[in-house]
Amino acid sequence: MLENLRKRLQQLNPQRLDQFQMREAAVLIPVVDRASPTLLFTRRASHLATHSGQVAFPGGKREPEDTDLYATALREAQEEIALDPAVVEPLGRLSDVISLHGLRVTPWVGIIPPDLPLVADLGELDAIFEVPLSHFLEDQRTHTDVIPVDGVPHYVPSYHVDGHVIWGLSAMMLVELLAEGFGMPIDLYQQPPGILRHYPERTSPERTSQLSADHHPAMPKSIRK
């Protein structure tokens with residue numbers, strides 16, 4: 001399974017959104033090399049002023065000393081969960097995503113060994129946990145969040161696993177990983193069967209900037225929110 005993932009990601013030509021002048025961030029999507037592979041997630045600490053309790057991949061904003069965004073992802077993972085960068089086997093990047101908080105986020109996929117002595121930075125996190133890849137490949141979503149952004153509906157899966165909720169930006173990254181890395185028939189722009197939960201219309205940060213400048217180009221369909 002992981003060898004096929006490696007080959008597929010090496011052939012992937014992910015979309016870059018360098019045309020949007022925004023703050024940069026990166027995350028690491030750690031695939032744990034078990035007999036039945038898992039994905040590693042973190043949960044933001046409940047005392048934080050923003051994003052408290054939210055599930056995410058290790059990552060954060062780019063710092064001036066980071067040579068590139070992969071370095072950002074590794075540094076943040078080391079700071080947040082004490083993951084030694086030397087043990088990460090990089091497989092490649094996925095497409096940039098734009099957060100509704102105005103960050104251009106680049107996801108990187110890497111394989112890590114099982115049973116590492118990971119430790120959560122309690123200033124930022126209160127949990128590190130793994131979910132079997134099979135849970136996502138079998139599409140065990142509890143429902144789908146329908147989020148219209150600039151008039152385009154985004155069908156974002158939501159997964160509930162052992163008390164954790166995986167949704168939003170992390171779930172959007174998962175969709176591309178499943179589709180491009182494993183050939184799963186899943187798409188943010190195609191309505192899936194099952195329960196739908198509708199959210200109010202949103203305007204993307206880059207669209208807001210364009211409108212304020214009286215510039216109205218069509219939003220690229222592949223921009224993820």
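This is a predicted model: local features need pLDDT of at least 70, side-chain atom pairs count only at pLDDT 80 or more; totals for chains, interfaces and linings use all residues.
Residues are numbered from 1 along each chain as its sequence is written. Local features need pLDDT of at least 70 and side-chain atom pairs 80 or more, while totals for chains, interfaces and linings use all residues; side-chain values use heavy atoms, with hydrogens and water left out.

Start by selecting Phe41, Phe57, Phe129, Phe136 and Tyr159, which make up one aromatic cluster. The whole structure has 5 aromatic pairs (ring centres within 6.5 Å, using the six-membered ring for Trp; planes under 30 degrees apart are stacked, over 60 edge-to-face, the rest tilted).

Now zoom in on Phe41 and Phe129: they are stacked, 5.6 Å centre to centre with 20° between the planes. Phe41 sits in strand 2 (residues 38-44) and Phe129 in strand 8 (residues 125-132), so this pair ties together parts 88 residues apart in sequence. (Strands are DSSP E runs of at least two residues, helices H or I runs of at least four, numbered from the N terminus.)

Buried or exposed, what is Phe41? Buried, at a relative accessible area of 0% (buried is under 20%, exposed over 50%, partly exposed in between, with a 1.4 Å probe and protein chains only).

Phe136 belongs to helix 3 (residues 133-137), so here the parts tied together are 95 residues apart in sequence.
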